Amino acid sequence: MSDYAKGLEGVIANESALSKVEGLDGRLSYLGYSIDDLVENCSFEEVTHLLHRGKLPNAAELLAFEQELQNDREIPQGVIEFLQSAPKDANPMDVLRTGVSMLGLTDKRAKIGDPDQEANRHVALSLVAKTPVIVAYYHRARQGLSLPPVRNDLSEAGHFLYLITGEEPSAAAIKTLDVAYTLHADHGMNASTFSARVTIATLSDFYAAVTSAIGTLKGPLHGGANEGVIKMLNEIGDLDKVDAFVEDCLANKKKIMGIGHRVYKVLDPRAPHLQKMAIKLTEELGESKWIEMSERIATLMREKKGLNANVDFYSATVYYSLGIPTDLFTPIFAISRMAGWTAQVLEQLEDSRLYRPLTKYVGPAELSPVPPISER
């Protein structure tokens, strides 16, 4: 047996009350509430309140919380000018990373050293409110479109859909995105959350921690997986080509995006909710090709390899059906996960310890003399 855990797999690095990921049983819960119950009975705003405040809100608390979010959507003019001047072909995750970092330049609450948790709670909520505006404004700016003024009469999901299209979103579209936000809000010690907690544990500022998380989420082995699903479906082209594609991937040991999960050894508990949403959306739109292809891939992989589709597999079809550009899939992941990242940072600061794991050295066993440069 190895005397270290490569990739820290199986290593417990801290305690958290926020989310419980039960990989062997295929269960996910936030602060003791099943993700299934939360999706059926709560909005993303209620789930964010749960993660930030430790409890589900009553009606009055929810109204006040929603108003606080809605009133904190305006982003500084300097950030708007950056979004308008950023390269039109930039990766939206790079733009988001820079935009969030810029927010910290103008926020006097972004201090290093002893944390002010009351101020940090306001920063956390501000980040949840502003992140979707940054993403939507860049998307419009790169198309040469005007930037609609932010509104305070729409939910988080509804407001984002309004900003990217400039049109009133349908109730069905709002509900669909709201569910996706809830399902992605938090997920234990995933790579991006770990980045955020490592950064804030140095007593750096809140924006630095979240910027670390965004950079980590950008990677195709983490947040970029759902973009890969749509690219794969487009590459396959049609339902009648799915079987041959899967056979080729299996024969040549190629990865099939959206299948399997690092933690869940059975069905990802988030996948069925987005599967249901994807089926409903495609029925309404009269375009069933993508979900039919997805379902066939999922069936073949379950039968041939015993692997299940994960949340990325169906979120890709959901976002695509909503008309959202593929390169905004990962930024939408960041929008929803901002609720969890900020809650995790707040929790880390309550009882923080600097992360300092060891490395197993595998270099030369013996020291060598340094030869003169003429002899090297």
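Residues are numbered from 1 along each chain as its sequence is written, and side-chain values use heavy atoms, with hydrogens and water left out. Because the model is predicted, local features need pLDDT of at least 70 and side-chain atom pairs count only at pLDDT 80 or more, while totals for chains, interfaces and linings use all residues.

We begin with the strands. Helices (H or I, at least four residues) and strands (E, at least two) are DSSP runs, numbered from the N terminus, and two strands pair if DSSP finds at least two bridges between them. Strands of a sheet pair through backbone hydrogen bonds, either parallel or antiparallel. Here an open sheet of 3 strands has the order β1-β2-β3, and its pairing is antiparallel; the edge strands, each of which pairs on one side only, are β1 and β3.

Strand β1 (residues 19-22) is joined to strand β2 (residues 27-30) over 4 bridges in the antiparallel sense, and within this pair V21 stands opposite L28 of β2. The two strands form a hairpin with 4 residues between them, and in its turn G26 has a positive phi of about 65 degrees. On to the next pair: β2 and strand β3 (residues 33-34) run antiparallel and are joined by 2 bridges, with S34 in β3 as the bridge partner of S29. The hairpin of β2 and β3 has 2 residues between the strands, and L31 takes a positive phi near 45 degrees there.

Next comes helix α2 (residues 44-53), where 9 of the 10 residues are buried, so the helix is largely enclosed by the rest of the structure. Buried means under 20% relative accessible area, exposed over 50%, and partly exposed in between, with a 1.4 Å probe and protein chains only. Among the buried residues of α2 are F44, V47, L50 and L51, and also E45, E46 and H49. The helix is followed by G54, whose phi is positive, near 80 degrees.

A pocket is an open set of points on a 1 Å grid, where a 1.4 Å probe fits, with protein on both sides within 12 Å along at least five of seven lines, and lining residues have an atom within 4 Å of a point. This pocket is lined by 18 residues, of which A13, N14, E15, R353 and Y355 lie nearest its centre. The elements that give two or more residues to this lining are α9 (191-200) and α16 (329-350), and α16 gives the most, with 3 residues.
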